[in-house]
Amino acid sequence: QLQLVESGGGLVQPGGSLRLSCATSGFSWHYYNIGWFRQAPGKEREGVSCISSGGGSTNYADSVKERFTISRDHAKNTVYLQIDSLQPEDTAVYYCAGSSRLGNCDIRRAAYDYWGQGTQVTVSS
């Protein structure tokens, strides 16, 4: 099946940048759409971005458009989330997830079958 491991989180000041990584493994990893989600304490897990298995289709939540960029490096079996102009409200645990539903990706939780362990992003001065 699909295994996912996130990394790249940390503590950053407002206005800073981070690049999160989602390393994937599994026989059919390249057939999965990949999504990024985040969850802050006391809040529901929300989808922020996704990318199709071939990398040709992406989607973003309205709240992160023009600040978040998702990309896929097939040679490294890795999906990245570049986050620019970080704000305190971006503080959350960020998860990547895999979906066996093909075609254009979406950021609904129900579409995803496999989840990583999460990486903490904290934005504070």
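Is Thr119 buried or exposed? Thr119 is buried, since its relative accessible area is 11%, where buried means under 20% relative accessible area, exposed over 50% and partly exposed in between, with a 1.4 Å probe and protein chains only.

## Basis of the model

This is a predicted model, in which local features need pLDDT of at least 70 and side-chain atom pairs count only at pLDDT 80 or more, while totals for chains, interfaces and linings use all residues. Residues are numbered from 1 along each chain as its sequence is written, and side-chain values use heavy atoms, with hydrogens and water left out.

## Thr119 and its surroundings

Thr119 belongs to strand β11, residues 119-123; strands (E, at least two residues) are DSSP runs numbered from the N terminus. Not counting residues up to four places away in sequence, Thr119 touches Glu6, Ser7, Gly8, Gly9, Leu20, Ala92, Val93 and Tyr94, a contact being heavy atoms within 4.5 Å. A polar atom of the Thr119 side chain lies 3.2 Å from the backbone nitrogen of Gly9.

Ser49 is found in strand β5 and is buried, with a relative accessible area of 0%. Its contacts, leaving aside neighbours within four places in sequence, include Trp36, Asn59, Tyr60 and Ile107, and a polar atom of the Ser49 side chain lies 3.1 Å from the backbone oxygen of Asn59.

## The disulfides

A search of the whole structure finds 2 disulfides, a disulfide being a pair of cysteine sulfur atoms within 2.5 Å. Cys22 and Cys96 form one of them, with their sulfur atoms 2.2 Å apart. Because Cys22 lies in strand β3 (residues 18-25) and Cys96 in strand β9 (residues 92-99), this pair ties together parts that are 74 residues apart in sequence. Cys22 is buried at 0% relative accessibility, and Cys96 is buried with a relative accessible area of 0%.

Cys50 and Cys105 also form a disulfide, with their sulfur atoms 2.1 Å apart. Cys50 lies in strand β5 and Cys105 in the loop between β9 and β10 (114-115), so the pair ties together parts that are 55 residues apart in sequence. The torsion about the S-S bond of Cys50 and Cys105 is about 80°, and the disulfide is therefore right-handed.

How values were computed:
Helices (H or I, at least four residues) and strands (E, at least two) are DSSP runs, numbered from the N terminus. A polar contact is a pair of N or O atoms within 3.5 Å; within protein, one must be able to donate a hydrogen and the other to accept it, and residues adjacent in sequence count only if both atoms are side-chain atoms.
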